[in-house]
Amino acid sequence: MDDDFQQRYKAAERAYGAGDYLEAGRIAQALLNQLEATPKDPDAQTAAQGWRAFVALLLANVELFGLNHAETAAGLYQLVLDNQPHETPVSYTHLTLPKKA
């Protein structure tokens with residue numbers, strides 16, 4: 001992903017850290033939508049997979065801890081698990097993934 005993408009991801013992290021969950025969610029959702037439109041060539045998909053996991057993790061945390069949307073967060077945590085490249089902190093998803101009753 002390009003520098004603009006990385007800068008927008010950092011902006012989403014800053015908004016989350018500042019407690020501006022709506023802005024963090026807006027930015028992260030836009031990034032996730034951008035990743036879904038990634039060209040189908042293998043190199044682009046590999047890069048998108050790693051970013052998809054990180055963006056989905058941030059968005060899941062926004063939904064769960066910031067907005068109290070547990071069901072939405074659960075789907076996003078599953079997206080993290082489905083896109084887990086080597087460097088993704090997957091263990092964090094197990095700590096925060098809501099348990100189904």
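**Entry 1: α3 and α4.** I began with helix α3 (residues 42-66) and helix α4 (residues 70-82), whose axes come within 8 Å and cross at roughly 160°. Helices here are DSSP runs of H or I with at least four residues, numbered from the N terminus. The axes are lines fitted to C-alpha atoms over the stretch in contact, and angles run from 0 to 180 degrees between N-to-C directions. So α3 and α4 are roughly antiparallel to each other (over 145 degrees counts as that). Their crossing is left-handed, which is the term used if the near helix is turned anticlockwise from the far one by less than a right angle.

Who makes the contact (heavy atoms within 4.5 Å)? I found Ala53, Ala56, Leu57 and Ala60 among the residues on the α3 side, and Ala73, Leu76, Tyr77 and Val80 among those on the α4 side. Sorted by class, this contact has 13 nonpolar, 3 polar and 3 charged residues. Ala, Val, Leu, Ile, Met, Phe, Trp, Tyr, Cys and Pro count as nonpolar, Asp, Glu, Lys and Arg as charged, and the others, Gly among them, as polar.

**Entry 2: where this comes from.** I noted that this is a predicted model, where local features need pLDDT of at least 70 and side-chain atom pairs count only at pLDDT 80 or more, while totals for chains, interfaces and linings use all residues. Residues are numbered from 1 along each chain as its sequence is written, and side-chain values use heavy atoms, with hydrogens and water left out.

**Entry 3: α3 by itself.** I checked the length too: at 1.5 Å a residue, the 25 residues of α3 should span 36 Å, and the end C-alpha atoms are 35 Å apart, which agrees. The expected span is 1.5 Å times one less than the number of residues. After α3 comes Asn68, with a positive phi near 60°.

**Entry 4: α2 and α3.** I found that the axes of α2 and α3 come within 9 Å and cross at roughly 155°. That makes α2 roughly antiparallel to α3. This crossing is left-handed. The contact divides into 12 nonpolar, 3 polar and 2 charged residues.

**Entry 5: α1 and α2.** For α1 and helix α2 (residues 21-36), I got axes within 7 Å, crossing at roughly 150°. These two are therefore roughly antiparallel.

**Entry 6: rings.** How many aromatic pairs does a search of the whole structure find? It finds 3. Rings pair if their centres lie within 6.5 Å, and planes over 60 degrees apart count as edge-to-face. Phe5 lies in helix α1 (residues 3-17) and Trp51 in α3, so the pair ties together parts 46 residues apart in sequence.

Definitions and conventions. Parallel < 35°, antiparallel > 145°, perpendicular 65-115°, else oblique. Contact = heavy atoms within 4.5 Å. Phe/Tyr/Trp six-rings, centres within 6.5 Å; stacked < 30°, edge-to-face > 60°.
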